[in-house]
Amino acid sequence: MELTERPRRLRSTPALRKMVRETRIDKSSLIYPMFVKEGKGLKEEIPTMPGQFRYSVDMLPAALDEVSAGGVLSVMLFGIPDKKDECGTGAWMEDGIIQKALKEAKRTHPEIYFISDVCMCEYTSHGHCGILNGQQVDNDRTLPYLAKIALSHVQAGADMVAPSDMMDGRVAAIRAVLDQNQYENIPIMSYAAKYASSFYGPFRDAAGSAPAFGDRKAYQMDYHNRREALKEILTDCEEGADIIMVKPALSYLDVIREAADQILLPVAAYSVSGEYAMIKAAAQAGYVDEAAMICETAVSIYRAGCGILLSYFAKEIAGFIEEGRIG
Ligand code: PBG
């Protein structure tokens, strides 16, 4: 055979395959999401997310030791309050769960970069991501609350805030309040293209944040749409977002690619609770090889174009990078 093109040539040894890899992953691009809950001495395994836990503030430092030792240096914190009300007061209280957790975590782990999720659904009695007007979330009345929540997180020590509510104008509202309070250097990572997704199910069990009625389709995006995601992303860029996020990840690789091609900001992808649960459940049933699935899915999300990955498998992914298996 007189073949000029022999792509197999570059696949012949492990060293060569590694040399020609197109996707490079570094541990520093991983963010590990964690749940903190009111109480003492708690390390509760989340039934729908085996291997993930809800920690009370006193138990958080030991968990962070493990994260840090594995080389994951960024953590996203979610709070689970013990009281909820109509307007989500627990989300911005000075001694709210996330504020207490941030203070303690920053004290014990100054080497970790802490990002806080800014939303109201874990704190409202109705489980929606804002202030209600009848059955609908009132966009404009919700904005000052989100700004207040973001400010309280930063005052408690958050290094970055990540609004996940999908209200229009929230990035601008948060930016303005942070700037007024001399926090102009605190970045905003916007959940810019967040779809109304069945993949959030295990998270809502973990955080007790399922809506009491209806769904989130009037604010989170319809999964039939790709161009709309770009519109959301460009709007958040104009409002002053520093990093934009696509969420979920695996079913939205096209959206990640689109964002990476079209915008100049760093693009993050959130591989959500349902993606984690699917792999865990299939592995526990013996249907798939868990490690191989974690590696392949993580790399595929980076290959789609993201530079930052939020994943409940962050510690495992860091381990596989360390071993040289991926990255
Ligand atoms: C809060 C929020 C959610 C997630 C992150 N922030 C839940 C939701 O929008 O219902 C989901 C994360 C995951 O599933 O891992 N709004």
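Ala, Val, Leu, Ile, Met, Phe, Trp, Tyr, Cys and Pro count as nonpolar here, Asp, Glu, Lys and Arg as charged, and the others, Gly among them, as polar. With that sorting, the shell around the ligand in this predicted model comes out as six nonpolar, three polar and two charged residues. The residues around the ligand include Cys 119, Cys 121, Cys 129, Tyr 200, Phe 203 and Val 272, along with Asp 117 and Arg 204.

How far can you trust the picture? Here are the predictor's own scores.

| Score | Value |
|---|---|
| Mean pLDDT of the protein | 97 |
| Residues with pLDDT of 70 or more | 100% |
| ipTM of the complex | 0.96 |
| pTM of the complex | 0.97 |

Now for helix α4, which runs over residues 139–156. Its 18 residues reach 26 Å from first C-alpha to last, close to the 26 Å expected. After the helix comes Gly 157, with a positive phi near 125°.

The largest nonpolar core has 101 residues, and Leu 146 and Ala 150 of that core are among those touching the most other members, as are Val 36 and Leu 77. Helix α4 gives the most to this core, nine residues. Nonpolar side chains tend to be buried together in soluble globular proteins.

Which residues does Val 36 contact, leaving aside its neighbours within four places in sequence? They include Tyr 55, Val 57, Leu 60, Leu 77, Ile 97 and Ala 101.

Notes. Residues numbered from 1 in each chain as written. Predicted model: local features only at pLDDT ≥ 70, side-chain atom pairs only at ≥ 80, totals over all residues. Near = placed C-beta within 6 Å. pLDDT = per-residue confidence, 0-100. Helix = DSSP H or I, 4+ residues; strand = E, 2+ residues; numbered from the N terminus. Expected span 1.5 Å × (residues − 1). Core = buried A, V, L, I, M, F, W, Y, C linked by C-beta atoms within 7 Å. Buried ≥ 20, exposed ≤ 12 C-beta atoms within 10 Å, placed from the backbone. Contact = placed C-beta atoms within 7 Å.
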